[in-house]
Every structure is written in C-alpha cells, then in structure tokens.
Amino acid sequence: MSSTPPSLRDLYSPPSSAWSFVPPQSAPPSNPNTPSPPTPSSSFQWSTRPATNSIFDLSPDLNDGGGINAVELLRALAASAVLQYTSSAIAMPWEVGKMLLQVQWIPREAHDYDLDADTEDDDDALSDSSNENESYFADPEGTPKVAHPPQTDEHGRRSIQEESEYVIPVGSANGVWGMIKRIGRFRGEGWLALWKGLLTSCVTEVLSTTFQPVVHNILQAIFFPTTPFFHQPPLLLPVVSHVFTGFLLSPLDLVRTRLIVQSFLPGYRTYTGPIDALIQIIRNEGASHSMLIDTALRPVVSLALPGILASYIGANISEDSSPLIWGFAELAGSCLGLLITLPFETIRRRLQVQTRGGVAPINGCVQLRPAPYNGVVDTLWHIITEERSDLPIIRRQKRRRSSNTETRPEREGESWLRHTGIGQLYRGLGMRLGASAIVFFLALVTGGDNSDGGWAEL
C-alpha cells in the first residue's frame, strides 16, 4: 500500500503583485521533499537604470536636453502678440474718437458750425452772378461789411482755429461715432489717423496685464503670507497694485495720448513716433505726468461697487453662489462707476496734452485750450464754467433772395447745455455703457468664466 502523498502547500509559490525591475530568478527544481528557498526580505529591487518621465513620453516636444522647446515657446508668444495687437486694432478707432472728444475745447462763444452742405453748394454756384449784382447795386455811402477778427484770449493768442488746415472745426461732431466719421473725412487726418498710437496702446495693455498680477502677488506674499488660497484678500492690495502699475506705466500713457491728439499731417507733427515722444518729454518736460486720483479711483470703484450693490440684494450673494445676480451687480456697478470715474479721466487727458517747462504746445488735430490748466480743481472749474455741451453746433439759415435784406441765422430755442460744460466731462459715456452691456451678455452666453472687473476698457 502506497504512502500518503505530501501536501501541495509546500509547492505553492504566490505570485508577486509588486513591480520588479530586475530579471526574474530561475524557478527551483520541483522536489517534493526539498523546501522552497526563502524569499528575499525586500519586495522591491531597484536597478541603476534611470527612470523615464511619463510627461515627456506623453509630450515628445518637451523631451529634449533643454527641457523646454524654444520653438513652441516662441510660437505661443507670437500668437499671443498677434492676438493682442489685433484686439487693440479693433478697439483703437473708438478709443481715438473718445479721446479727441475728451480733450476738445469748446468755448461758449464758439461760432456755430454750418452743416447745410447743399445750401452752401447752391450759394457757390450763384456766387459769380450775385457778386456782380451786389457790386452794381451797392450803396456807395453805405457802411461796408467788415470781417470779424478771429477770437483771441487775454494773452492775444488766437483762441479758436476755425480755418486751420489741421484742426477739425469746433463742435462739428457729437458722440464717438460722429467723431470717427469726422476724422476719416477730414482732409488733415483721414481714415488711417484712427489708428494713431496703436503700437503704444498695445504695449501698454500687455505690460499692465502682466505687471499688475505680479505686483499683487508680491504684496500678498509680503503682507498676508498665511492667507488661504480661497480667501479673498483685502481691497487695499488690488488698489495698491493698480496704483503702482499705473504709476510705472504713466510715461507710456502720456506718450499714447500725445500721439493720438497731435496732427496727422507730417508738417505739423511734434513727435515722429513713441520713442521720439518719450525722449522729448523726458528731456524737455521732466518727470511723468501721473494723476494718482484717477489711477486709484478706477480700481476702487470697479472692485467695491459690485459688492456694495450685491449686499443690498442679499447677504450671501457672491460670484460662486449666484453668478447671474453677481453679473448684474457688476454691470450696474460698472455703469454707476463711469459717472464717477469719467470726469477724472477727462481731466487727466486735458492735463496730459498740455506741455510743461516752457515747451511749445503740440499742434492738436482738435481745438485745445490756449491757456494751460493749473491742476485738477482748476481744470474741472474751467470746463464747467467756460465751455458748452450742445453738440453738434448746427446753424440753420433762412436765405432770402432780396437786395435789401441781409441773411441772418435763424435762432431756435437754446438748450441749457449751451451754458454749461458738464456734458464735456462725460464724452464717450454712451460708448462705454454699450461696451459694458455687450460684455455682460457675452459673459452670459459663454458662461462668464473669463469675466473680470474691467468690463470692456475701451
């Protein structure tokens, strides 16, 4: 009778679930009477071969000696630059029209601008015969007609350049779109003048969007290093970062304003380009013309007003909990903020176009105030008290074909805007409100993931 076979438990070897990076050892001879050799104490045996990076395997373009593909980096930078330049070029005509409306000086005694082109053409066609008849039937003892001298200021300088070949007639455009058409049709400017200062605007925008987050992160790391990521930092940090960035980029903003306002004709240009403008301003006028009130007021209004308006609607309304209501609060805050910030922006543009240090004033394509302003309060006071806001200034005439009756303009009821310059402080308001509404509806359609507090800075 045969003996009982040995147990199969001694012959079973469990498979290892761990990864092995060395060649497997040969299996021991199957002898039922010989126990299996002991397994090594360590489950992992690392070889000296270097491990590969799965990221480089998934992205072969990055698997080179330098670690970063320079071609891909340059290609991404070029695409970003083209995109930024294109977006700036699209918005530039509206920016030029708005800025020229802001800096244009329209005194209350400005002559009315005649828009009746058909009547002028008819008068020109009959000018030869009418001049002969008037000279034949003229009274030799009558008072001759004397042309009115040009208006001058208290210093004897001509105040309104109505017949200049490079100055757009005063009060001939109302609104940004009207100024755009007026610039394109004016003989001293043309359609290409709508893109004056495009390169400087693009560079300023890129540097502003780059420096401001960096400055904000540095300030947060210095003063609030232990703040959690999801915790909202104090309002003072973004305001200080915007003020610091605006102060650093104020020379470029000054150059941009001067390039847009100066005449497009080569014979009347003060600056040939942004570099020449920057050199002349630093050499002749000194430090930058920075207005900290406007630079600080804009971020305070854009960041604080939406939260204040949302607090009146509900206590727990935030961008994450109620994005739709928060979007309406941002839209309302943007519209209300323009009523506060736009006058200070107009004052800043007025102060930027006037030169300092005895330098000759620039030849602007619109009428500029001949006497300089003396600070923010003086600028605000003179705009309200010495300018008019009823644009465009239109003169309609009744022309009577008689020899003893002179042509007199038909005066209609004057608006209250004729006697105040408050409207001058809000040039471009309609365009900014429309841009805010468009960006709001685009954020609703796209989900609002990339919405910010700027709300279409055109």
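1. Helices here are DSSP runs of H or I with at least four residues, and strands are runs of E with at least two, both numbered from the N terminus. On that basis S241 falls in helix 7, which spans residues 236-248. The model is a predicted one, and the points below should be read as comments on that prediction.

2. Overall make-up. The protein chain has 13 helices and 2 strands. Of its 458 residues, 33% are buried. Contacts between residues at least 6 apart in sequence join, in 75% of cases, residues at least 24 apart. The chain exposes about 29500 Å², and carbon and sulfur atoms supply 60% of that area.

3. Is S241 buried or exposed? Its relative accessible area is 0%, so S241 is buried, the cut-off for that class being under 20%. Leaving aside residues up to four places away in sequence, S241 touches Q212, V215, H216 and L219.

4. Helix 7, G246. This glycine also belongs to helix 7. Its relative accessibility is 24%, and G246 therefore counts as partly exposed. The C-alpha atoms of G246 and T295 are 6.2 Å apart in space, while the two residues are 49 apart in sequence.

5. Helix 10, P299. This proline is found in helix 10, residues 292-313. P299 counts as buried because its relative accessibility is 4%. Which residues does P299 touch, not counting those up to four places away in sequence? They are V239 and H242. A separation of 7.5 Å lies between the C-alpha atoms of P299 and P238, and these two prolines are 61 residues apart along the chain.

6. Helix 9, buried side. Helix 9 covers residues 274-284, and its buried residues are A277, Q280 and I281. Viewed down the helix axis, these buried residues fall within an arc of 95°, and so they line one face of helix 9. As background, an α-helix has 3.6 residues a turn, so residues three or four places apart point the same way. The buried residues of helix 9 pack against helix 8, residues 250-261.

7. Helix 9, other side and end. The exposed residues I275, I282 and R283 sit on the face of helix 9 turned away from its buried side. Just after helix 9, G286 adopts a positive phi of about 90°. Most residues other than glycine have a negative phi.

8. Charge over a ring. R269 lies over the face of F264, and the distance from the ring centre is 5.0 Å.

9. Aromatic pairs. How many aromatic pairs does the count give? The count comes to 3. F328 and F440 form a tilted pair, with 4.8 Å from centre to centre and 55° between the planes. This pair links distant parts of the chain: F328 is in helix 11 (residues 323-353), F440 is in helix 13 (residues 429-446), and 112 residues separate them. F440 also pairs with F441, in an edge-to-face arrangement at 5.4 Å centre to centre and 65° between the planes. F328, F440 and F441 together form one aromatic cluster.

10. F328, at 45%, counts as partly exposed. F441 has a relative accessibility of 52%, so F441 counts as exposed. The cut-off for the exposed class is over 50%.

11. Loop between helix 12 and strand 1, D390. Where is D390 placed? D390 is in the loop between helix 12 (376-386) and strand 1 (397-398). The side chain of D390 makes a polar contact of 2.9 Å with the side chain of R388. D390 also touches L417 and R418, with residues up to four places away in sequence not counted.

12. The cis peptide. P392 lies in the loop between helix 12 and strand 1. The peptide bond from L391 to P392 is cis, and its omega is near -5°. Most peptide bonds are trans.

Key: Residues numbered from 1 in each chain as written. Predicted model: local features only at pLDDT ≥ 70, side-chain atom pairs only at ≥ 80, totals over all residues. Heavy atoms only, no water. Phe/Tyr/Trp six-rings, centres within 6.5 Å; stacked < 30°, edge-to-face > 60°. Buried < 20%, exposed > 50% of the residue type's maximum accessible area, 1.4 Å probe, protein only. Lys NZ or Arg CZ within 6 Å of the ring centre and 35° of its normal. Arc of directions from axis to C-beta. Contact = heavy atoms within 4.5 Å. Areas by Shrake-Rupley, 256 points an atom, 1.4 Å probe, with all protein chains shown as cover. Polar contact = N/O pair within 3.5 Å; in protein donor to acceptor, adjacent residues only side chain to side chain.
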